[in-house]
Amino acid sequence: MGEALSKEAEASTEASAAAEVAVASRITGTGFSVPDRVVTNAHFESYLDTSDTWIRERTGIVERRWVGPEESASSLAEPAARTAIERAGLQAADIDGIIVATVTPDYAFPSTACMLQQRLGIDDALAFDVNAVCSGFVYALSTADAYIRAGMCRNVLVVGVDLYSRIINPNDRGTCILFGDGAGAVVLSAVAPEEQFAHGDTLIRGSVQTTAGIYSNLLGADGKHSSILCVPCGTANQPTAESMATDAHYLTMEGREVFKLAVRKLGEISLEMLERFDLPSEAVRYFISHQANERILLSMAKHIKVDAARIPMNLDRYGNTSAATIPILLAELDQDGKIDSGDLLMLNAFGGGVTWGAILLRW
Ligand code: UT7
């Protein structure tokens, strides 16, 4: 009887300890999709004053993918989403939240998330878009994490998709060579407290965290730099025949300014995230960074003192796909078996707005 009581007491202590641990979230599936059409640097050499050598040396980009006229953000996102859901071992009906990061939505409204929901045949889920430009996926994933921790969702489909081929000025050699189209997706799922205990505790700065899952988010923005990277037409400045004739409706960028800010911010936020957990940079297996320019990433590597081998890149093949770069890279690494269970990953991004964000997670 005494033994039975003490077992009960033990069980109730375990239960109350578990109850103090919040629900956490972890990535359970990844997927990506890129258009079939490959656009090499030779395409730009054929009509602009540029060269394959300049583009490779100044950016690291060799080729990118562009959609055809019949494609849209939601059509490109659909196969990425289906793969992520399948790899999570779920059915579309299990998804109760859809968050799409994009600045090239199908329409002003309805949201691309709703268009994607329709394509996937999901009847009942919250769905909305996030606009944080190249930091969009990090913002969207942080939002999904917060919704899961708040108990609002259990399985959120988080997508980064952009079709910059639709907004670049084909005659501006400083921008048109940089961008590609693509979509990446993850499923972020709730991890209940008892599952966290089942995997064993990880003690970080006194708070118990799930062994696999998102540990921390860091987001920021500084709107005073809004004009250095923008698409200067919208409801505030509607396109006219005149603005169209002078290409004033296309994306514009002060490349050098964006470059300097990106290097500084990516370094700062990566170090701040490491400091939050008293972690040395070597503890992170991969920095999965927004793929804008090889030189930005190599400068960041120097700043945070990590071997460039831990900053994987695929921008040589896809260019800068804006909100899609991080989930595409993550999906490729996952599908190639290059991430092991237990690896610490840091996602980090910088983009128009200007916006930035970092997420630390354990795989
Ligand atoms: O996703 C987040 C947002 N985007 C980024 O993070 C991109 C950030 N910026 C960059 O990656 C770089 O600034 C660029 C790749 C856009 C430009 O490279 P850069 O080394 O910063 O070049 P620059 O803008 O300082 O220009 C140097 C020269 C200029 O000629 P002059 O004025 O020195 O005669 C440009 O006109 O290079 C010229 N240039 C080019 N030359 C050949 C610019 N684009 C090209 C080109 N081909 N495509």
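Start at Lys-305, in the loop between H10 and helix H11 (315-318). Helices (H or I, at least four residues) and strands (E, at least two) are DSSP runs, numbered from the N terminus. This is a predicted model: local features need pLDDT of at least 70, side-chain atom pairs count only at pLDDT 80 or more, and totals for chains, interfaces and linings use all residues. Residues are numbered from 1 along each chain as its sequence is written, and side-chain values use heavy atoms, with hydrogens and water left out.

**Stop 1: positive phi**

Keep Lys-305 selected. Its phi is near 55°, a positive value in a residue other than glycine. Lys-305 has 68% relative accessibility, so it counts as exposed. The classes, from a 1.4 Å probe and protein chains only, are buried under 20% relative accessible area, exposed over 50%, and partly exposed in between.

Now select Asp-247. It sits in the loop between helix H8 (241-245) and strand E12 (252-253). Phi of Asp-247 is near 60°, again positive in a residue other than glycine. At 25% relative accessibility, Asp-247 counts as partly exposed.

**Stop 2: packed helices**

Two packed helices are described by the angle between their axes and the distance between the axes. Show H9 and helix H10 (residues 294-303): their axes come within 9 Å and cross at roughly 40°. That makes H9 oblique to H10. Axes here are lines fitted to C-alpha atoms, for helices over the stretch in contact, and angles run from 0 to 180 degrees between N-to-C directions. Angles under 35 degrees count as roughly parallel, over 145 as roughly antiparallel, 65 to 115 as roughly perpendicular, and the rest as oblique. The H9 and H10 crossing is right-handed. A crossing is right-handed if the near helix is turned clockwise from the far one by less than a right angle, and left-handed if anticlockwise.

Switch to H4 and helix H5 (residues 112-120). They pack at about 60°, with axes 9 Å apart. H4 and H5 are therefore oblique to each other. H4 passes H5 in a right-handed crossing.

Stay on H4, which spans residues 73-87, and pick Ser-75 within it. At 19% relative accessibility, Ser-75 counts as buried. What lies 2.8 Å from a polar atom of the Ser-75 side chain? The backbone nitrogen of Ser-72 does.

**Stop 3: aromatic pairs**

A pair of aromatic rings is described by the distance of the centres and the angle of the planes. The structure holds four aromatic pairs. Select Phe-44 and Trp-66: the ring centres are 5.8 Å apart and the planes at 80°, so the pair is edge-to-face. Rings of Phe, Tyr and Trp (its six-membered ring) pair if their centres lie within 6.5 Å; planes under 30 degrees apart count as stacked, over 60 as edge-to-face, and the rest as tilted. Phe-44 is in helix H2 (residues 41-45) and Trp-66 in strand E3 (residues 63-66), 22 residues apart. Phe-44 and Trp-66 are both buried.

Next, Tyr-215 and Phe-277. This pair is tilted: 6.2 Å centre to centre, with 45° between the planes. Tyr-215 is in strand E10 (residues 213-221) and Phe-277 in the loop between helix H9 (255-276) and strand E13 (286-289), so the pair ties together parts 62 residues apart in sequence. Are these two residues buried or exposed? Tyr-215 counts as buried at 7% relative accessibility, and Phe-277 counts as buried at 13%.

One more ring: Trp-356. The charged end of Lys-265 sits over it, 4.2 Å from the ring centre. A charge sits over a ring if NZ of Lys or CZ of Arg is within 6 Å of the ring centre and within 35 degrees of the ring normal.

**Stop 4: cis peptides**

Which residues does a cis peptide bond with omega about 0° join? Phe-109 and Pro-110. Pro-110 is in the loop between strand E4 (97-101) and H5. Another cis peptide bond joins Gly-353 and Val-354, with omega about -5°. Val-354 is in the loop between E14 and strand E15 (355-362).

**Stop 5: C-alpha distances**

Select Leu-347 in strand E14 (residues 344-351). At 0% relative accessibility, Leu-347 counts as buried. Its C-alpha is separated by 8.2 Å from that of Leu-361, 14 residues apart along the chain.

Finish on Glu-63, in strand E3. At 22% relative accessibility, Glu-63 counts as partly exposed.

How values were computed. Polar contact = N/O pair within 3.5 Å; in protein donor to acceptor, adjacent residues only side chain to side chain.
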